[in-house]
Amino acid sequence: MRSILSLTLVLLISLLTGCATQSTYDYTAFRESKPRSILVLPPVNDSLEVGASYSFLSQVSYPLAESGYYVFPVAVAEETFRENGLTDPQEIHALPLEKLNDVFGADAVMYIKITQYGTSYQIIASDTRVTAEASLVDSRSGQLLWKGAATASSTEQSNNSGGGLVGMLVVALVDQVINTTTERSHQVAGITSMRLLTTHSVNGILPGPRAPALQRQ
Amino acid sequence: MTLTYLRSSGLLVAALVAGCAPVNQPLYHWGDYQQTIYQYHQDGVTDYAAQVGRVEALLNQAQAQGKSVPPGLHAHLGMLYFNTGREIEAREQFAMEKSLFPESGHFVDYVLKAQPEHNQ
């Protein structure tokens, strides 16, 4: 039940962030590389919330796959790292690309860093906020193809960062559906992930080869 | 209450879809797949049989609706089968992943090679 709601929420957000068209990002390297597949490494977590890394990781597949990329199964990749004695995201991010290529054969590798994750209690209302940065790297050349950052907050209606209507909807949905702060953070992380990794965002990633032709132009 | 809420959010989505640039149908049937991935990682739950049930259910739903499953789902199910000793089915799932998504070929080969053969 809850998952239907969260899907609706995610859809809403993607639609609402989807109308802008301006673009200033230099996509030259991205266009030349034409990655078909993306390996998302477990995110490095700079927040104090222990579960932040996997909470975010479990929600990256939807936006990236729907953008037209093959996304390596995060649960299987994680188990593969674990079997090789690697559980610390920091350590995994430091692996040489050749090592990753030997195992996964991905066209591009995505590095995510979570800078904010969780609820801070303020006098009037609590604020649940998740902020993350991502960079996409060509796995052969090591060249940076794209980087971006996104944030989502349960109090968006007051600071208006996502537009009035969006903010109100976010708050209304999150308030209604979510009971515990852990679940709330996880939900907000899903919104951040959508904003960060959808092709519809301003300066977002380019559509991949499995995206409908209309999107790819 | 929840039903009304669902309906109203459905209407909202519809209104937004109509009012915005072309929005495509999702490429894949996701169901609660991401929630499944998340939930079983929480608290170090290792009830592989229950996970198998959830992922199989998703697969059946998608098939019943004639929709594609997301990339990685067959490989994920394959891993769960390996973890529960269902080796033949596991290999079938990995083969499925590779044929639906050739981009996974190198990784699938790696996983299958790393998997010890069990000959009873």
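1. In which loop of chain B does B:Val69 lie? B:Val69 lies in the loop between helix H3 (48-64) and H4 of chain B, where helices are DSSP runs of H or I with at least four residues, strands are runs of E with at least two, and both are numbered from the N terminus.

2. On conventions, this is a predicted model, in which local features need pLDDT of at least 70 and side-chain atom pairs count only at pLDDT 80 or more, whereas totals for chains, interfaces and linings use all residues. Residues are numbered from 1 along each chain as its sequence is written, chains are lettered from A and ligands numbered from 1 in the order in which they are written, and side-chain values use heavy atoms, with hydrogens and water left out.

3. Apart from neighbours within four places in sequence, B:Val69 is in contact (heavy atoms within 4.5 Å) with B:Tyr28, B:His29, B:Leu59, B:Ala62, B:His74 and B:Phe101.

4. B:Thr36, which belongs to helix H2 (residues 33-39) of chain B, is likewise buried, with a relative accessible area of 2%. When residues up to four places away in sequence are not counted, B:Thr36 touches B:Arg54 and B:Val55. The C-alpha atoms of B:Thr36 and B:Val69 are separated by 14 Å, the two residues being 33 apart along the chain.

5. B:Gly31 sits in the loop between helix H1 (2-19) and H2 of chain B and is partly exposed, at a relative accessible area of 33%. Between the C-alpha atoms of B:Gly31 and B:Val55, 24 residues apart along the chain, the separation is 9.9 Å.

6. For chain A, the secondary structure comes to 11 helices and six strands, and 59% of its 217 residues count as buried. Among contacts in chain A with a separation of 6 or more, 69% are accounted for by residues 24 or more positions apart.

7. Helix H10 (residues 181-197) of chain A has 17 residues and reaches 24 Å from its first C-alpha to its last, close to the 24 Å expected at 1.5 Å a residue, where the expected span is 1.5 Å times one less than the number of residues. Because 14 of the 17 residues of H10(A) are buried, this helix is largely enclosed by the rest of the structure.

8. Between the chains, the axes of helix H5 (residues 74-83) of chain A and helix H4 (residues 73-83) of chain B come within 8 Å and cross at roughly 50 degrees, which makes H5(A) oblique to H4(B). Angles under 35 degrees count as roughly parallel, over 145 as roughly antiparallel, 65 to 115 as roughly perpendicular and the rest as oblique. In this pairing A:Ala75, A:Val76 and A:Glu79 of H5(A) meet B:Ala75, B:His76, B:Met79 and B:Asn83 of H4(B).

9. Two backbone angles deserve a look. A:Lys34, in the loop between helix H2 (28-33) and strand E1 (37-40) of chain A, has a phi near 45 degrees, a positive value in a residue other than glycine, and counts as exposed at 63% relative accessibility. A:Asn203, in the loop between H10 and helix H11 (213-216) of chain A, has a positive phi of about 60 degrees although it is not a glycine, and counts as partly exposed at 24% relative accessibility.

Key:
Buried < 20%, exposed > 50% of the residue type's maximum accessible area, 1.4 Å probe, protein only. Axes fitted to C-alpha atoms, helices over the stretch in contact; angles between N-to-C directions.
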